[in-house]
Amino acid sequence: MDTSTYAAFDARPPRADLSGTRAAHADGGLSFLADAEGARAALDAIARVQRQIVAAGAARVHADEAARRRLARELHDSVGAELAATRFALANVQTWLPADASPQCAQALELVVRSLDAAAEAVRHVLDGLHAPELEEGLATALANWTRGFGARTGLAATFTAQPSVEHNRKGFTAEDAERLAHLPAEGALAIFRVAQEALTNVARHAQASRVEVRLACTPYALVLSVIDDGIGLSREAARRARKQSGQREDVAPSAQDGINRRGAYGIAGMRERCAAFGGALRAAANPLPADAAPEARERPGTTVEARFFWDTLLSRTAADLAPNPVQGIHS
Ligand SMILES: Nc1ncnc2c1ncn2[C@@H]1O[C@H](COP(=O)(O)OP(=O)(O)OP(=O)(O)O)[C@@H](O)[C@H]1O
Ligand SMILES: [Mg+2]
């Protein structure tokens with residue numbers, strides 16, 4: 001695994017270094033940073049820009065949830081209601097069908113009923129994805145249920161595991177982890193859930209995988225969600241874009257074939273924004289392979305999407321922090 005651009009599993013949250021001297025030595029030539037005041041001003045400016053980026057992401061996350069709710073309501077009340085009414089009317093027609101009606105007539109009606117049922121089922125699936133999940137029983141339970149349903153719908157072997165804290169070599173979460181999880185603000189839990197949903201949807205759409213594992217783990221500093229599949233791995237272009245979005249170095253040229261994947265592709269960016277809005281980071285990459293891996297294994301390295309949310313921000317950020325502030329906006 002490339003560890004040069006990704007913090008270790010147990011990494012602490014980043015902290016601004018307010019020491020002017022250290023900044024001056026680190027920058028290798030920007031002499032205006034040599035005095036402590038200049039360094040502090042520069043660091044303040046960087047922190048301000050970082051806050052603006054997070055605020056912009058949070059505003060989009062908020063808008064996305066609002067749009068999902070609106071779409072779910074519209075779909076349910078318009079298409080869902082129309083389908084239900086049509087289904088009801090058709091059931092009446094079937095009952096009223098005269099005994100001497102041609103068999104083709106009954107067959108045609110039966111066909112229409114079946115496709116109406118299929119359409120209603122499809123709408124229900126879309127609604128499932130749009131609705132905020134039941135989080136009352138906790139994030140781990142919601143993720144376990146969703147993963148089970150996802151496996152049933154897609155035919156993939158999908159499993160959910162809640163891993164122990166890395167510093168406690170025990171099964172299950174520690175009492176402290178359980179306490180933190182129990183007190184997750186709903187917005188944070190929903191953000192983690194949405195990241196898992198999108199990562200799983202990507203596995204179903206792109207990975208050609210046979211199995212996928214969803215893991216929730218705690219470190220002393222962060223809650224870590226991982227979605228690991230055994231599919232074909234990210235295309236070169238997708239990996240390049242994922243690296244670019246997280247500010248990593250670009251070292252792979254895009255191919256013509258990769259251009260096919262350019263349309264849409266808001267999922268990874270959206271997951272990243274949800275992480276950032278809750279003080280976290282996202283990494284999407286091919287699974288590491290042993291040096292002596294067979295050529296067939298290299299064809300299908302699988303993908304890991306890992307989302308890390310730092311406890312401090314996760315536990316303190318609420319809906320009010322996420323709502324776009326018309327006065328403050330992203331300019332403060
Ligand atoms: N688990 C995965 N396995 C293989 N490729 C993946 C996987 N997840 C994502 N990708 C690749 O990364 C690309 C970007 O994913 P992203 O979720 O951003 O967009 P999308 O799924 O194509 O479209 P959208 O999510 O906007 O509907 C995908 O088009 C796909 O090529
Ligand atoms: Mg996607």
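What share of the 332 residues in the protein chain is made up of buried residues? I looked this up to open my notebook, and the share is 33%. Buried means under 20% relative accessible area, exposed means over 50%, and partly exposed is in between, with a 1.4 Å probe and protein chains only.

**Entry: ground rules**

I note that this is a predicted model, in which local features need pLDDT of at least 70 and side-chain atom pairs count only at pLDDT 80 or more, while totals for chains, interfaces and linings use all residues. Residues are numbered from 1 along each chain as its sequence is written, chains are lettered from A and ligands numbered from 1 in the order in which they are written, and side-chain values use heavy atoms, with hydrogens and water left out.

**Entry: the whole chain**

I found eleven helices and five strands in the protein chain. Helices (H or I, at least four residues) and strands (E, at least two) are DSSP runs, numbered from the N terminus. The protein chain exposes about 19500 Å², and carbon and sulfur atoms supply 56% of that area. Accessible areas come from the Shrake-Rupley method with a 1.4 Å probe; for residues, only the protein chains shown count as cover. I then turned to contacts, meaning heavy atoms within 4.5 Å. Among contacts between residues at least 6 apart in sequence, 69% join residues at least 24 apart.

**Entry: ligand 1**

How many residues surround ligand 1? I read off 17, and the closest are Asn-202, Arg-205, His-206, Tyr-266 and Ile-268. A residue is near a molecule if one of its heavy atoms lies within 4 Å of it. By class, this shell has seven nonpolar, seven polar and three charged residues. For these classes, Ala, Val, Leu, Ile, Met, Phe, Trp, Tyr, Cys and Pro count as nonpolar, Asp, Glu, Lys and Arg as charged, and the others, Gly among them, as polar.

Helices α6 (186-207) and α8 (267-277) each supply at least two residues of the shell. The largest share, six residues, comes from α6.

Next I looked up polar contacts, which are pairs of N or O atoms within 3.5 Å; within protein, one must be able to donate a hydrogen and the other to accept it, and residues adjacent in sequence count only if both atoms are side-chain atoms. An oxygen atom of ligand 1 is 2.7 Å from an N or O atom in the side chain of His-206. For a polar side-chain atom of Asn-202, the distance to an oxygen atom of ligand 1 is 2.8 Å. For an N or O atom in the side chain of Glu-198, it is 3.0 Å. Taken alone, ligand 1 exposes 600 Å², and the protein buries 88% of that.

**Entry: the cores**

In soluble globular proteins, nonpolar side chains tend to be buried together. I went looking for nonpolar cores, sets of buried Ala, Val, Leu, Ile, Met, Phe, Trp, Tyr and Cys residues joined through side-chain atoms within 4.5 Å. The largest has 43 residues, of which Leu-139, Leu-184, Leu-223 and Leu-225 touch the most other members. Helix α6 gives the largest share of this core, eleven residues. Apart from it lies another core, of ten residues, among them Ala-72, Leu-75, Leu-109 and Leu-130.

I followed Leu-184, found in the loop between α5 (175-182) and α6. Leu-184 counts as buried because its relative accessibility is 11%. Not counting residues up to four places away in sequence, Leu-184 touches several residues, including Leu-139, Leu-223 and Trp-311. The C-alpha atoms of Leu-184 and Ser-316 are separated by 8.6 Å, though the two are 132 residues apart along the chain.

**Entry: single residues**

Is Ala-191 buried or exposed? Ala-191, in helix α6, is buried, because its relative accessible area is 1%. Not counting residues up to four places away in sequence, Ala-191 touches Arg-274 and Phe-278.

Arg-240 lies in helix α7 (residues 236-245). Arg-240 counts as buried, at 8% relative accessibility. Its C-alpha atom is 9.6 Å from that of Ala-285, 45 residues apart along the chain.

Ala-106 sits in helix α3 (residues 103-130). At 34% relative accessibility, Ala-106 counts as partly exposed.

I ended with Gln-208, in the loop between α6 and β2 (211-218). Most residues other than glycine have a negative phi. Gln-208 has a positive phi of about 50 degrees although it is not a glycine. Gln-208 counts as exposed because its relative accessibility is 57%.
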